[in-house]
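I am keeping these entries as I look things up in one protein structure. The sequence and the model come first, then my notes.

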Amino acid sequence: MEYTTLSPLAMFVNAGPVGKLVMLTLVLASVYTWVLIVLGVFSVLKIGKATRSARAGGDVGVLAPVDAAGRAAASWDLAGESIGEKRERIAEVMSRTAREFMAKEEGGLPNLAVISSVAPFIGLFGTVWGIMSSFAGIAQSQDTSLAVVAPGIAEALAATAYGLAAAIPASVGYNRIGAAFSRVGQNVSHYIEDAALAHVSGRPVPTHKREAA
């Protein structure tokens with residue numbers, strides 16, 4: 001193994017078979033991380049837009065299943081049910097549908113958490129393997145010069161860098177997108193409260209300024 005440059009591609013090309021496997025795994029994890037981040041941001045934006053529009057009396061957009069569940073629940077007339085009880089029932093049906101919808105939209109967050117937790121350890125495995133390669137080179141050549149140990153150490157550090165390159169965006173994305181989903185989830189809850197009242201009273205969904213999108 002000869003390293004003449006610190007570029008990631010050169011590190012990969014000059015690494016051993018195990019090092020290449022580790023780096024390739026981390027590169028794929030990094031690409032998958034950015035795909036999940038983009039999808040998560042897109043989901044947050046479309047839910048936020050739909051919530052604002054729905055609360056303003058416009059198109060419900062992606063919240064159509066939640067709205068349909070509310071309308072279906074409002075069409076049921078139960079004997080002896082008060083207006084307050086009917087409103088609670090409608091809100092509960094809409095909330096259950098919204099939870100299922102939000103869980104589907106947040107589907108990539110657990111994967112970001114896994115990548116942020118596992119990627120450093122995969123990189124650490126590559127680090128340990130590279131150091132082992134250095135010691136094997138010393139034993140084979142009976143020489144402790146820097147030229148003998150440098151390739152293995154370089155491979156070890158490269159694996160560490162690849163691991164961090166995958167773990168850091170995954171960790172940041174998980175926390176930031178998770179917080180954004182929490183905010184839009186609160187706005188969806190506010191919409192459900194307004195919609196439940198509107199279904200009971202027969203008035204349009206009122207507009208408030210509670211959303212923090």
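**Entry 1: helix α4.** I checked the length of helix α4, residues 83-105, first. Its 23 residues should span 33 Å at 1.5 Å a residue, and the end C-alpha atoms are 32 Å apart, which agrees. The expected span is 1.5 Å times one less than the number of residues. Helices (H or I, at least four residues) and strands (E, at least two) are DSSP runs, numbered from the N terminus.

I noted the source of all this: the model is predicted, local features need pLDDT of at least 70, side-chain atom pairs count only at pLDDT 80 or more, and totals for chains, interfaces and linings use all residues. Residues are numbered from 1 along each chain as its sequence is written, and side-chain values use heavy atoms, with hydrogens and water left out.

Which residues of α4 are buried? I listed Lys86, Arg89, Ile90, Ala91, Val93, Met94, Thr97, Ala98, Phe101, Met102 and Glu105. Buried means under 20% relative accessible area, exposed over 50%, and partly exposed in between (1.4 Å probe, protein chains only).

**Entry 2: the whole protein.** I counted six helices and zero strands. Along the sequence the pattern reads α-α-α-α-α-α. Of the 213 residues, 39% are buried. The accessible surface comes to about 11900 Å², and 66% of it belongs to carbon and sulfur atoms. These areas come from the Shrake-Rupley method with a 1.4 Å probe; for residues, only the protein chains shown count as cover.

I also looked at contacts (heavy atoms within 4.5 Å). Among contacts with a separation of 6 or more, 73% join residues 24 or more positions apart.

**Entry 3: α2 and its partner.** I ran the length check on helix α2, residues 17-55. At 1.5 Å a residue its 39 residues should span 57 Å, and the end C-alpha atoms are 57 Å apart, which agrees. After α2 comes Gly57, whose phi is positive, near 85°.

Two packed helices are described by the angle between their axes and the distance between the axes. The axes of α2 and α4 come within 10 Å and cross at roughly 150°. That makes α2 roughly antiparallel to α4. Axes are lines fitted to C-alpha atoms, for helices over the stretch in contact, and angles run from 0 to 180 degrees between N-to-C directions. Angles under 35 degrees count as roughly parallel, over 145 as roughly antiparallel, 65 to 115 as roughly perpendicular and the rest as oblique.

Which residues of α2 and α4 meet? I found Ser43, Lys46 and Ile47 in α2 against Phe101, Met102 and Glu105 in α4. The residues of this contact divide into three nonpolar, one polar and two charged. Nonpolar covers Ala, Val, Leu, Ile, Met, Phe, Trp, Tyr, Cys and Pro; charged covers Asp, Glu, Lys and Arg; the others, Gly among them, are polar.

**Entry 4: single residues.** I placed His199 in helix α6, residues 146-201. Beyond four places in sequence, His199 touches Asp67, Gly70, Arg71, Ala74, Ile90 and Met94. His199 and Ile90 are 109 residues apart along the chain, with C-alpha atoms separated by 8.1 Å.

Leu197 also lies in α6. Is Leu197 buried, partly exposed or exposed? At 30% relative accessibility, Leu197 counts as partly exposed.

Gly126 is in helix α5, residues 109-141, and counts as buried at 3% relative accessibility. Beyond four places in sequence, Gly126 touches Val22, Ala156 and Ala159. The C-alpha atoms of Gly126 and Ala159 are separated by 5.2 Å.
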